[in-house]
Amino acid sequence: MIDKRRIYLNGLAEFKTARPALSVLTQNPSKPKDQDVVWITAKASSSVGLAWVKLYWRNIGAYNEDPMFDDGKHNDGNANDGVFGLSIPRQNLGTKIEYYVGARSTLAQGGAIRFLPATGGHVPPNYVITD
């Protein structure tokens, strides 16, 4: 029964949509101090085009969703090199920040989404501001 369901689902067009590739998630500085700006970068690409790359981050509660940039101005290396970056604002001593990155292919190509790490929404990378 399960095998028949798997075969059926894998045959649907929605499951054949090309998903973006995400890799090399970095945080700088790795151990932020009180009032440091923290830069998050990730490499993103898609064989069918990217609609967006976003940084999801929070202290407590719902995640903030902010667009990431590949323009050479957001600690992301050179413009259009496939590395996207964005900063998380300065935080106070003792604050715990959780974050992950998401990317979406163009809607015309199905709009598939991928997250880095894949467990980001419930087991995200994190850091705590120290002195």
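Two residues are in contact when they have heavy atoms within 4.5 Å of each other. In this predicted model, local features need a pLDDT of at least 70 and side-chain atom pairs count only at pLDDT 80 or more, while totals for chains, interfaces and linings use all residues. Residues are numbered from 1 along each chain as its sequence is written, and side-chain values use heavy atoms, with hydrogens and water left out.

Leaving aside neighbours within four places in sequence, Leu-116 is in contact with Leu-22, Ser-23, Val-24, Leu-25, Ala-42, Tyr-100 and Val-101.

Val-101 leads on to the core. A nonpolar core is a set of buried Ala, Val, Leu, Ile, Met, Phe, Trp, Tyr and Cys residues joined through side-chain atoms within 4.5 Å. The largest one has 19 residues, of which Ile-40, Leu-55, Met-68, Ile-88 and Val-101 touch the most other members. Strands β2, β3 (50-58), β5 and β6 (96-105) each give two or more residues to this core.

Strands β2 and β5 also belong to an open sheet of three strands, with the order β1-β2-β5 and antiparallel pairing. β1 (21-28) and β5 (83-88) stand at the edges with a single partner strand each, so one side of each has no neighbour in the sheet. Strand β2 (residues 38-45) pairs with β5 over six bridges, where pairing requires at least two bridges found by DSSP.

Key. Helix = DSSP H or I, 4+ residues; strand = E, 2+ residues; numbered from the N terminus. Buried < 20%, exposed > 50% of the residue type's maximum accessible area, 1.4 Å probe, protein only.
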